[in-house]
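Student: I have just opened this entry and would like to be walked through it. Could we begin with a helix and go on from there?

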Amino acid sequence: MVIDKLFPDYILESSWEVCNKVGGIYTVLSTRAKTLQNIINDHVIFIGPDCWGSVPCPYFKEDNCLFADWRVVASDEGIHVKIGRWDIPGMPIAVLVDFKPYYAIKNDIYTHLWELYGVDSLHAYGDYDEASMFSYAAAKVVESFYHHVIGEGKKVIYHGNEWMTGLGLLYINHHVPQIATIFTTHATSIGRSIAGNNKPLYDYLFAYNGDQMAGELNMQSKHSIEKQTAMYVDCFTTVSDITAHECEELLDKKVDFVLPNGFDNNFVPKGAEFTKKRKIARKRLLEVANALIGCNLDDDTLIISTSGRYEFRNKGVDVYIEAMNRLKRDKDLKKPVLAFIEVPGWVGEPRQDLIERLNSGKQYDTPLEVPEITHWLKNMSRDSVLGQLKHLDMHNAEEDKVKLVFLPCYLTGNDGIINLKYYDVILGNDLCIYPSYYEPWGYTPLESIAFKVPCVTTDLAGFGLWANKMKGGTSEIKDGVKVIHRTDYNYSEVADQIKDTVAAYSNFTDAEIKAVRNNAEKLSKKALWSSFIKYYEDAYDFALRKAEQRLSKK
């Protein structure tokens, strides 16, 4: 007998990255929103932090007509919100909540959480308090909205992303048991910390005790809220098989579902616009490099890049630099290479000497001082990228076949040097390289192939495992994605494989390159949200049934 799946009447979803572009979770939620809007129009409501104050949020359009009556009620309850729409495809309703007032009762909130769920907040530091107060505020929004707008008898999901929403999920679990709860950890806090502290994560995963490691790495509070939330929510999920294994070992809890991250390709330009934007991006990238380095790289140059958050080891920035250093001496390399590192550092200001050269329109044959970086940093002497370049004596010498440029800023279109948005810059690449050591999913390679740019990643990234699964074996560069086997200890082999892949690609004919680019695009279409939303439907059904069982026992 086939039982119809339960589907929510309302989905309330929170994250620190709702209308707040920080990292990959912004992409997860903002690209999935349109698919959910198509299913339950305006019954999916995102809740994010009002960290903008009187400054307008660039990703949010306030609408004072939306739920105007409830806004008054919420205000009377001490809940202060801005209501409007998230300025993304689908334009879903978003609620930004002011969480600062709850600092006054912080200790009471933490005590209550300890008494109910044993969450240790004693060792809190850094962003723990800020995240927890937002999480509590978001839960108060959910509670008030449920009682005053939705009403009893409706099937409602509250979905929280990352440990920052854990406190609120537990609050709803206790105070509004009618609502089914889903918790998605996109990366465990303790797993990320182990990897970021240069400890071998994978070979020793079976032997690590999450609680013990949290104490050793001063992560007790974040680990505690994450672990207890995983234990008590109706449905615990993560984004890839590799992170599911990590959750089981470090949080002592098996995930109920793996929810792979999909993609919406509506903003990928088509036809003539694609070609035009690609030419513009390549022209600008070459202009900047030539002005900075004092060289004359032309359009035959192989342009490659890596990008993402500035997690030097976890994102594989270190091994990327090493690979470029080795590539300089590779006899099989048939084209000059311009390699970019696009990770936001502690940026100071765009270089005025570089701006002057770019504005002059002249061709220069001498490099600027420090010809490896486009913007001055506030910590030049302690920067990891510049430190490795200095260690390897990589200074973009005239004779180097590989020139490497560090773009240490968010590519928002007004950085002062490139002045193109990230998605427009991607178009200019021939290859993208993301040799991650710790990467629960990996949006950057998925974005890359959506723009027909083949890429290199590893099988320590959820996306890399997925690409291998689609291939039915190890995916190679001719398939659109080269997946390198990576372990705790094969750094040198990974660097060589990156080097060899770039060198081989420089020998491809135009016809071979066209075929690879088409294969990349085809693979990206298998990861559209229209294909992946079914995994969420399973999780919604599971959580709603758990909530029904809970209520039937009362």
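Tutor: This is a predicted model. Helix 19 covers residues 529-552, 24 residues in all, and spans 34 Å from its first C-alpha to its last, close to the 34 Å expected at 1.5 Å a residue.

Student: Which residues of helix 19 are buried?

Tutor: The buried ones are Trp529, Phe532, Ile533, Tyr536, Ala539, Tyr540, Asp541, Ala543, Leu544 and Ala547.

Student: Is strand 1 mostly covered or exposed?

Tutor: Strand 1 (residues 10-14) is mostly covered, with 5 of its 5 residues buried. In general, side chains in a regular strand alternate between the two faces of the sheet. In strand 1, Tyr10, Leu12 and Ser14 are buried on one side, and Ile11 and Glu13 are buried on the other.

Student: Which residue is the bridge partner of Leu12 in strand 6?

Tutor: The partner of Leu12 there is Tyr158. Strand 1 pairs with strand 6 (residues 156-161) in the parallel sense, over 5 bridges.

Student: And how many bridges does strand 1 make with strand 2?

Tutor: Strand 1 and strand 2 (residues 44-49) share 4 bridges, also in the parallel sense. Within that pairing, Ile11 has Val44 as its bridge partner. Between the two strands the chain passes through helix 1 (residues 24-39), and this β-α-β crossover is right-handed.

Student: What about strand 7 and strand 8, how do they run?

Tutor: Strand 7 (residues 180-185) and strand 8 (residues 235-238) run parallel and are joined by 4 bridges. Ile182 stands opposite Cys235 of strand 8.

Student: What order does the open sheet of 6 strands have?

Tutor: That sheet has the order 14-11-10-15-16-17, with parallel pairing. Its edge strands are strand 14 (402-406) and strand 17 (481-484), each of which pairs on one side only. From one strand to the next, the twist averages 20 degrees.

Student: Which residue does Ile304 pair with in strand 15?

Tutor: Its bridge partner is Leu431. Strand 10 (residues 302-307) and strand 15 (residues 431-433) run parallel and are joined by 2 bridges. Helix 16 (residues 462-471) packs on this sheet, touching strand 16 (455-458) and strand 17, and its direction makes about 115 degrees with that of strand 17.

Student: Switching to salt bridges, how many are there?

Tutor: The count comes to 34 salt bridges. One of them joins the side chains of Lys82 and Asp50, at 3.3 Å from N to O. Lys82 is in strand 4 (residues 81-86) and Asp50 is in the loop between strand 2 and strand 3, so the pair links distant parts of the chain, 32 residues apart.

Student: Why does Lys82 count as buried?

Tutor: Lys82 has 19% relative accessibility, and buried means under 20%. Asp50 is buried as well, at 8%.

Student: Which residue does Arg282 meet in a salt bridge?

Tutor: Arg282 meets Asp299, at 2.9 Å from N to O. Arg282 lies in helix 10 (residues 271-293) and Asp299 in the loop between helix 10 and strand 10, so the pair ties together parts 17 residues apart in sequence. Arg282 is buried at 6% relative accessibility, whereas Asp299 is exposed at 52%. Salt bridges with shared partners join Arg278, Arg282, Asp299 and Asp430 into one network.

Student: One last topic, the loops. Where is Asp330?

Tutor: Asp330 sits in the loop between helix 11 (317-327) and strand 11 (337-342). Asp330 is buried, at 8% relative accessibility. Apart from neighbours within four places in sequence, Asp330 is in contact with Lys401, Lys499, Asp500 and Ala503.

Technical notes. Residues numbered from 1 in each chain as written. Predicted model: local features only at pLDDT ≥ 70, side-chain atom pairs only at ≥ 80, totals over all residues. Heavy atoms only, no water. Pairing = 2+ DSSP bridges. Axes fitted to C-alpha atoms, helices over the stretch in contact; angles between N-to-C directions. Contact = heavy atoms within 4.5 Å. Expected span 1.5 Å × (residues − 1). Buried < 20%, exposed > 50% of the residue type's maximum accessible area, 1.4 Å probe, protein only. Right-handed = clockwise from strand over helix to strand, strands pointing away. Salt bridge = Lys/Arg side-chain N within 4 Å of Asp/Glu carboxyl O.
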